[in-house]
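Open the model in your viewer and keep the sequence beside it. This tour tells you what to select at each stop.

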Amino acid sequence: EGESLSEDLIRKLSTSQVAFVRRILAYEENCPVDLLRTFADDESDHVRIAVGANPNSPADVLEKLAGDKEEIVRRKVARNPNTPLDTLLKLACDSRYNVRRSVAMNPRLPEQTLTELSKDLEGHVRYCVAGNPSTPLKCLVELSDDKFYEIRVNVALNPSCPAEVLEKLSQDELDIVAKRAQESKEKRSRE
């Protein structure tokens, strides 16, 4: 694992005209909060992406970046473990399915939000809900009947999937679904 940059060096390099340098600094876990706030306003979306992904970015910065014009910045915020719950709930309603998909992967989501996302018209979002270990059992049962086999596979791979759903999926008409469900059943029996 690489060594972290010193705060002194980060501060010296923070005024660089090169966006790539600022991006590297914004990814540093020991980047000072005042610089993360500055970088959150950077003209380069790559720098703002790094701030959105940094687990030490403060809640108010993440809330601000949740409204960024660039979808990928909002996706990074949705996956950040420090993003406040109310900000995640706003992102769950984003017009871009990739943002909702990133939100759906977050294990801190309340059951109600996961339930709503499990009914999303976009299959990619439902796929992520199907794989989230915090997804309510009722949703896993419903998603086990999804028309997209990838979603059914993700239900089978979900460690929270109930045994009766795994049993049903092990009889799925598609071999890939049945095989993954069977593998999950076997894995559980060894644990």
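Select Arg74 to begin: does Arg74 count as buried or exposed? At 9% relative accessibility, Arg74 counts as buried. Here buried means under 20% relative accessible area, exposed means over 50%, and partly exposed is in between (1.4 Å probe, protein chains only).

Before moving on, some ground rules. This is a predicted model, in which local features need pLDDT of at least 70 and side-chain atom pairs count only at pLDDT 80 or more, while totals for chains, interfaces and linings use all residues. Residues are numbered from 1 along each chain as its sequence is written, and side-chain values use heavy atoms, with hydrogens and water left out.

**Around Arg74**

Colour helix 6, residues 71–79; Arg74 lies in this helix. Helices (H or I, at least four residues) and strands (E, at least two) are DSSP runs, numbered from the N terminus. Now show what Arg74 touches. Leaving aside neighbours within four places in sequence, its contacts include Leu65, Asp68, Leu91, Asp94 and Val99. A contact means heavy atoms within 4.5 Å.

**The whole chain**

Zoom out. The chain has 14 helices and zero strands. Its C-alpha trace spans about 60 × 35 × 25 Å along the principal axes. Of its 191 residues, 46% count as buried. Take the contacts with a separation of 6 or more: residues 24 or more positions apart account for 41% of them.

The chain exposes about 10400 Å², and carbon and sulfur atoms supply 51% of that. These areas come from the Shrake-Rupley method with a 1.4 Å probe; for residues, only the protein chains shown count as cover.

**The nonpolar core**

Select Phe39, Val51, Leu117 and Val155. They have the most contacts inside the largest nonpolar core, which has 44 residues. Such a core is a set of buried Ala, Val, Leu, Ile, Met, Phe, Trp, Tyr and Cys residues joined through side-chain atoms within 4.5 Å. In soluble globular proteins, nonpolar side chains tend to be buried together.

Stay on Val51. Not counting residues up to four places away in sequence, Val51 touches Ala26, Leu36, Phe39, Ala40, Ser57, Val61, Leu62, Leu65 and Asn80.

**The salt bridges**

How many salt bridges are there? The count comes to 18. A salt bridge is a side-chain nitrogen of Lys or Arg within 4 Å of a carboxyl oxygen of Asp or Glu.

Select Asp42 and Arg22. Their side chains meet in a salt bridge, at 2.6 Å from N to O. Asp42 lies in the loop between helix 3 (33–39) and helix 4 (45–53) and Arg22 in helix 2 (residues 19–27), so the pair ties together parts 20 residues apart in sequence. Both Asp42 and Arg22 are buried.

Next, select Arg100 and Asp120. This salt bridge has N and O 2.7 Å apart. Arg100 is in helix 8 (residues 97–104), and Asp120 is in the loop between helix 9 (111–117) and helix 10 (123–131). Both Arg100 and Asp120 are buried.

Then move to Lys119 and Glu142. The closest N and O atoms of this salt bridge are 3.0 Å apart. Lys119 lies in the loop between helix 9 and helix 10 and Glu142 in helix 11 (residues 137–143), so the pair ties together parts 23 residues apart in sequence. Lys119 counts as partly exposed at 49% relative accessibility. Glu142 also counts as partly exposed, at 37%.

Last stop: select Glu7, Arg11 and Asp34. Salt bridges that share partners join them into one network.
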